[in-house]
Amino acid sequence: MNNLLRLVGRRLVALPIMALGVTFLIFFLMSFSPIDPAYKALGESATPEQIQQYHEEYGLDDPWPVRYVRYMGDLLHGDLGTYSARRTSVADRVATALPVTMQLTFFGLLLGAVVSFLLGIIAALYRDRWPDQVIRIVSIAGLATPSFWLAVLLILVFSSYLHLLPASGALPDPATNFGGYMGRMIMPAVALAVPLTGQMTRIVRTAMVEELDKDYVQTAKGSGLPQKVIIARNVLRNALITPVTTLGMKIGYLMGGAVVIEVIFNLPGMGMAILDGVSGNEPMLVMGVVIIVALSFIIINIVVDMLYLLINPRIRSV
């Protein structure tokens with residue numbers, strides 16, 4: 001228990017350090033942007049006096065370490081700044097975009113988990129026979145398929161050729177138009193889930209094979225218990241601990257992949273917010289969105305890592 005507490009404590013200590021490092025790096029890189037926020041806020045027709053007044057009001061002439069400390073103080077209070085001439089709040093944009101990214105991540109995770117668990121269990125039960133060989137080829141193909149390439153392929157097949165699913169357009173409200181909502185989300189979720197499915201299928205198969213080879217399984221078979229009962233009551237419960245925790249560790253990576261997939265399918269998530277910030281020369285928007293994505297990635301992975309330490313007793317003595 002002491003070893004476990006030390007491991008959990010290390011993760012908790014690492015969280016603020018990693019978060020501080022990410023925010024520092026992003027702010028430092030964005031400080032080299034040649035775009036003057038004063039012109040974005042006041043317009044190209046602003047006079048030099050107005051520009052100077054804006055710089056003095058918001059401290060833009062201060063050294064970047066001073067501006068970083070001020071930005072971190074605002075960030076701790078939930079203020080990510082503003083962008084565009086309308087002074088739109090970055091926090092408001094993040095509040096509408098982050099749920100879309102999390103929804104896409106959830107659907108990709110759910111689809112990848114269901115398919116990979118089914119394929120991995122079937123491959124283990126038919127080890128070294130033709131179902132196992134076919135699933136092995138499918139999993140390798142899925143693992144080697146880039147999500148962005150698959151996204152373009154899905155658009156060509158199901159939108160351009162078959163005209164079955166929309167590749168762009170507004171995202172319907174699931175409460176009022178659930179069918180339309182799923183129609184917009186299914187292709188991005190598939191593109192996100194396929195590489196995950198290929199990787200997790202191999203992990204599930206390996207865990208199942210190792211569990212099926214243990215002595216207690218052979219003893220249960222020798223005592224006359226049906227194979228279905230042995231698998232359902234014992235093998236699955238023991239074998240799926242590692243795949244489930246490993247799947248949880250993939251949440252952060254799926255979230256990062258979702259940002260790219262959103263741009264391809266024109267979903268109003270964090271990816272489109274970053275694209276709007278880059279194309280519109282809005283450094284505050286880019287910085288705010290990237291910081292939130294990075295912090296979400298760090299927090300999710302550390303939380304899942306801690307849960308893994310709590311669930312898996314084999315590494316508690318490390």
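Q: Why is R127 called partly exposed?
A: Buried means under 20% relative accessible area, exposed means over 50%, and partly exposed lies in between (1.4 Å probe, protein chains only). R127 has a relative accessible area of 31%, so R127 is partly exposed. This is a predicted model, in which local features need pLDDT of at least 70 and side-chain atom pairs count only at pLDDT 80 or more, while totals for chains, interfaces and linings use all residues. Residues are numbered from 1 along each chain as its sequence is written, and side-chain values use heavy atoms, with hydrogens and water left out.

Q: What makes the pair R127 and D213 a salt bridge?
A: The term requires a side-chain nitrogen of Lys or Arg within 4 Å of a carboxyl oxygen of Asp or Glu. The closest N and O atoms of R127 and D213 are 3.1 Å apart, and the pair forms a salt bridge. R127 lies in the loop between α5 and α6 and D213 in the loop between α8 and α9 (215–222), so the pair ties together parts 86 residues apart in sequence. Helices here are DSSP runs (H or I, at least four residues), numbered from the N terminus.

Q: Why does D213 count as partly exposed?
A: D213 has 44% relative accessibility and therefore counts as partly exposed.

Q: What makes D132 and R205 a salt bridge, and which helices hold them?
A: Their side chains meet at 2.9 Å, N to O. D132 is in helix α6 and R205 in helix α8, 73 residues apart. Salt bridges with shared partners join D132, R136 and R205 into one network.

Q: Why is D132 called buried?
A: D132 counts as buried because its relative accessibility is 0%. R205 is likewise buried, with a relative accessible area of 10%.

Q: Why are α6 and α8 called oblique to each other?
A: Angles under 35 degrees count as roughly parallel, over 145 as roughly antiparallel, 65 to 115 as roughly perpendicular and the rest as oblique. The axes of α6 (residues 130–143) and α8 (residues 178–212) cross at roughly 140° and come within 7 Å. The axes are lines fitted to C-alpha atoms over the stretch in contact, with angles from 0 to 180 degrees between N-to-C directions. The two helices are therefore oblique.

Q: How many salt bridges does the structure hold?
A: The structure holds five salt bridges. One of them is formed by D276 and R93, with the closest N and O atoms 2.7 Å apart.
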